[in-house]
Amino acid sequence: MAAIDYNELIPNNVNLSSDRTLQRALEQWQPNFLNWWKDMGPDGSNNFDVYLRTAISAEPNGWAHFDHVKMPDYRWGIFLAPAEEDRRIGFGEHKGEPVWQEVPGEHRANLRRIIVTQGDTEPASVEQQRHLGLTAPSLYDLRNLFQVNVEEGRHLWAMVYLLHRYFGRDGREEGEALLQRRSGDQDNPRILNAFNEKTPDWLSFFMFTYFTDRDGKYQLCALAESAFDPLSRTTRFMLTEEAHHMFVGESGVSRVVQRTCEIMKQHGVEDPAEVRKFGVIDLPTIQRYLNFHFSVTIDLFGADQSSNAALFYSAGLKGRFEETKRQDDHKLNDLMYPVLDYADGALTTHDTAMLNALNEVLRDDYIKDSVGGVERWNRVIAKNGVDFKLSVPHKAFHRSIGKLAGHHFDPNGRPISAAAWQKNVDTWLPSTEDRAYVASLMGRVIAVGKYANWIAAPTVGLNRQPIEMEYVRFN
Ligand SMILES: [Fe+2]
Ligand SMILES: [Fe+2]
């Protein structure tokens, strides 16, 4: 195999060229990654020149690098946030001790599992989104999709780096397996359920990047607190990219809402069937998509009571969101936390040991944050003078994990029978017909500066470029 200059090919701040073992491991993994990208990355895109942002260092200005590049030539780099001097463990049984630079033997299996689970979501979302380029509403949006995709690829590199560098042979095997599982595959699916769902249209994509990439943010924030310092530093850098993914989602939904409201006002229509005649997505359909993505995503936080969550916290592997800003003892042995329960036909709340409820704590922090963007979408609706409000459904709605799974609740959290669920489900979640309608709007718009009818143009371009720039060149 030809020698690869890693500092040239893989921008990094981990001194890759000085570690021969790691270099050899990555040398073997890289062609497999590229094969995976060619098979499962964005459909038919290998020859496009895409105006991408590439991280070339972990410094704030390391982000300033924009250029038209072919995606298979994207420089998937390995970056850790700068080491904090004398960093100490911030929580759990080892609170106050120096952080770990190597993996302690007793936590090896759990840390590997945490890293693999996070790593698995990265290629999964690329697979879920791989056909969207064929129906992009504009070059601007197409470029944003591709930017998200290459960065999820980089997140996979980030996790594989940790596996190769710190977990020896097991880690290398896990690195291979990350390229072998496939989103939605019957025999070898991705680990987490939401990552086996389809992302069939652009409304789904924007909801996914708003809600599900935000789950990514919360998981990464919890891992950024880890006592295993390389994991903390890796995830801290990944968070800088996640912010852009959530921007794509929030602004995308906002533009869809804006366009729908414009049409409603312009033609004086409110009835969804009338609104659809003008080729835009009616607000109740947007609400149903929101309900679906929100409920599937909050399941990702796991069971509401979990001894694993307690173990990961007490051992120092995974903290809470903004752990260091909290005013408690960071051990949590004596604290309680309210979780939802279903008993005797009613939804109730009961207090449980906080250590066991840490999935619920993270889920609640996530929910608080996701509501913010929904309120901003509502301001767009109000500004257009339309009387409609989007909202996130109750936490109990459409859950498949934890104590509420197997019971039925309406979007307000009222318990209902299975029959009532069946009767109303198409008003709460996207129906086959909704999906077919949204799919019917998806046509490829690739003229420079043009936008599909169902979405408003963005107000500003990327990197201070005009919105009518040639963000993708097809060759
Ligand atoms: Fe990611
Ligand atoms: Fe992401």
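Reply: The structure is a predicted model, in which local features need pLDDT of at least 70 and side-chain atom pairs count only at pLDDT 80 or more, whereas totals for chains, interfaces and linings use all residues. Residues are numbered from 1 along each chain as its sequence is written, and chains are lettered from A and ligands numbered from 1 in the order in which they are written.

The sheet is open and has three strands, in the order β2-β1-β7, with antiparallel pairing. Strands β2 and β7 stand at its edges with a single partner strand each, so one side of each of them has no neighbour in the sheet. Strands here are DSSP runs of E with at least two residues, helices are runs of H or I with at least four, and both are numbered from the N terminus. Two strands pair if DSSP finds at least two bridges between them.

On one side of the sheet, β1 (residues 49-54) pairs with β2 (residues 65-70) through six bridges, in the antiparallel sense. Within this pairing, L52 is placed opposite D67 of β2.

Helix α4 lies across β1 and β7, and it runs at about 50° to β1. Such angles run from 0 to 180 degrees between N-to-C directions, along axes that are lines fitted to C-alpha atoms, for helices over the stretch in contact.

Helix α4 (residues 139-166) also meets helix α3 (residues 108-128): their axes come within 8 Å and cross at roughly 155°. The two helices α3 and α4 are therefore roughly antiparallel. (Angles under 35 degrees count as roughly parallel, over 145 as roughly antiparallel, 65 to 115 as roughly perpendicular and the rest as oblique.) The crossing of α3 with α4 is left-handed; a crossing has this hand if the near helix is turned anticlockwise from the far one by less than a right angle, and is right-handed if clockwise.

From α3 the contact takes in I115, Q118, G119, E122, P123, S125 and V126, and from α4 it takes in N149, E152, G153, H155, L156, M159, V160, L162 and L163. Eight of the residues in the contact of α3 with α4 are nonpolar, six are polar and two are charged. (Ala, Val, Leu, Ile, Met, Phe, Trp, Tyr, Cys and Pro count as nonpolar, Asp, Glu, Lys and Arg as charged, and the others, Gly among them, as polar.)

E152 lies in α4 and is buried, since 24 other C-beta atoms lie within 10 Å. (Buried means 20 or more other C-beta atoms within 10 Å of the residue's own, exposed 12 or fewer, and partly exposed in between, with C-beta atoms placed from the backbone.) Apart from neighbours within four places in sequence, E152 is in contact with E122, S125 and V126; contact requires C-beta atoms, placed from the backbone, within 7 Å. The C-alpha atoms of E152 and W76 are 9.9 Å apart, although 76 residues separate the two along the chain.

The loop between β2 and α3 contains D86. With 7 C-beta neighbours inside 10 Å, D86 counts as exposed. The phi of D86 is near 55°, a positive value in a residue that is not glycine. Most residues other than glycine have a negative phi. Another residue with a positive phi is H398, at about 55°, and H398 is not a glycine. H398 lies in the loop between α11 (358-383) and β5 (408-409) and is buried, with 23 other C-beta atoms within 10 Å.

The axes of α6 (residues 202-224) and α9 (residues 283-298) come within 9 Å and cross at roughly 30°. This makes α6 roughly parallel to α9, and the crossing of α6 with α9 is right-handed. Residues L203, S204, M207, F208, F211, T212 and D215 of α6 make the contact with Y289, L290, H293, F294 and T297 of α9. The residues of the contact of α6 with α9 comprise seven nonpolar, four polar and one charged.

Technical notes:
Two residues are in contact if their C-beta atoms, placed from the backbone, lie within 7 Å.
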